[in-house]
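Trainee: I have a model open and would like to go through it with you. Can we start with the confidence and then look at the ligands?

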Amino acid sequence: MKQIRDKTFVPFIESESLQNRIKELAQEVNKDYAGKNPLLIGVLNGSFMFVADLFKSIDIECEVTFIRVSSYQSTESTGKVKQVLGLKEDIKDRHIIIVEDIVDTGMTMQEILGQLASNQPASIKIMTMLFKPEALKVPLKLDYVGFEIPNKFVLGYGLDYDGYGRNTDTIYVLKES
Ligand SMILES: O=P(O)(O)OC[C@H]1O[C@H](OP(=O)(O)OP(=O)(O)O)[C@H](O)[C@@H]1O
Ligand SMILES: Nc1nc2[nH]cnc2c(=O)[nH]1
């Protein structure tokens, strides 16, 4: 069990399963992108551990970079607006793989996809370590999924609760009371 602030979490996906699945995903990238010099774009903060482990098992020519997504309240009635920050690379005509730790409602990924697509890359695919199919609110095609999980709050291996709990090699799930 793991206590983070006021919440208790229990182990959900052990490190060995995670690492085995990450190696499989890397093999798929090695096969699908040989000779294509893909650019992996990790979405901070949550994806940093996943990207690091994935990248070590990719053995074709490729590059990696990171973006952030800022969330701020729109002055209009549209609610939250998300903006992609920090992309320095020219992605025109590049093969892009966006790498996330989790796709939940899909709103973050939809926004990233739209903003990156407007820069005319050769292709864009999405990889996520975790996917909650029951939580998805927007149409999204996910190309590489580590694990499909139920609609429950998870933590660890990069994923936080209130900024804490990212620093584990196991993924935990909120304990049901
Ligand atoms: O599919 P969605 O419902 O949009 O949720 C997914 C997003 O939520 C998490 O980020 P978060 O905003 O917690 O930021 P962090 O990565 O810095 O922890 C995660 O890393 C995704 O970016
Ligand atoms: N830590 C964490 N962040 C998320 N962001 C979207 N869904 C989740 C989740 O289940 N856990």
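Mentor: We will take confidence, the two ligand shells, and then a few individual residues.

Trainee: Fine. What pLDDT does the protein chain average?

Mentor: This is a predicted model, and the chain averages a pLDDT of 94. Of the residues, 95% score at least 70.

Trainee: And what ipTM and pTM does the predictor give the complex?

Mentor: The ipTM is 0.98 and the pTM is 0.96.

Trainee: On to ligand 1. Which residues come nearest?

Mentor: Asn45, Gly46, Asp104, Thr105 and Thr108 do, out of 14 residues around ligand 1.

Trainee: Which element gives the most to that shell?

Mentor: Strand S6 does, with four residues. S6 spans 95-103, and helix H3 (107-117) also supplies at least two residues of the shell.

Trainee: How does the ligand 1 shell divide by class?

Mentor: Five residues are nonpolar, five polar and four charged.

Trainee: Now ligand 2. Which residues are around that one?

Mentor: Ile102, Asp104, Phe153, Val154, Leu155, Leu159, Asp160 and Tyr161. By class, six are nonpolar and two charged, with no polar residue. Asp104 is in this shell, and Asp104 is also among the residues that come nearest to ligand 1.

Trainee: Back to Asn45. Where is asparagine 45 found?

Mentor: In the loop between strand S3 (39-44) and helix H2 (48-56). The peptide bond joining leucine 44 to asparagine 45 is cis, with omega about 0°.

Trainee: Where do they lie, starting with arginine 5?

Mentor: Arginine 5 is in the loop between strand S1 (2-4) and strand S2 (7-13). Aspartate 162 is in the loop between strand S9 (154-155) and strand S10 (171-174).

Trainee: Why does arginine 5 count as exposed?

Mentor: Because arginine 5 has 9 C-beta neighbours inside 10 Å, and the cut-off for exposed is 12 or fewer. Aspartate 162 also counts as exposed, with 9 such neighbours inside 10 Å.

Trainee: Last one: where is the place of phenylalanine 147?

Mentor: In strand S8, residues 144-148. Phenylalanine 147 is partly exposed, because 16 other C-beta atoms lie within 10 Å.

Trainee: What is phenylalanine 147 in contact with, leaving aside neighbours within four places in sequence?

Mentor: Ile13, Arg21 and Leu130. Serine 177 is 30 residues from phenylalanine 147 in sequence, and their C-alpha atoms are 24 Å apart.

Methods: Residues numbered from 1 in each chain as written. Chains lettered and ligands numbered in written order. Predicted model: local features only at pLDDT ≥ 70, side-chain atom pairs only at ≥ 80, totals over all residues. pLDDT = per-residue confidence, 0-100. Near = placed C-beta within 6 Å. Nonpolar A, V, L, I, M, F, W, Y, C, P; charged D, E, K, R; others polar. Buried ≥ 20, exposed ≤ 12 C-beta atoms within 10 Å, placed from the backbone. Contact = placed C-beta atoms within 7 Å.
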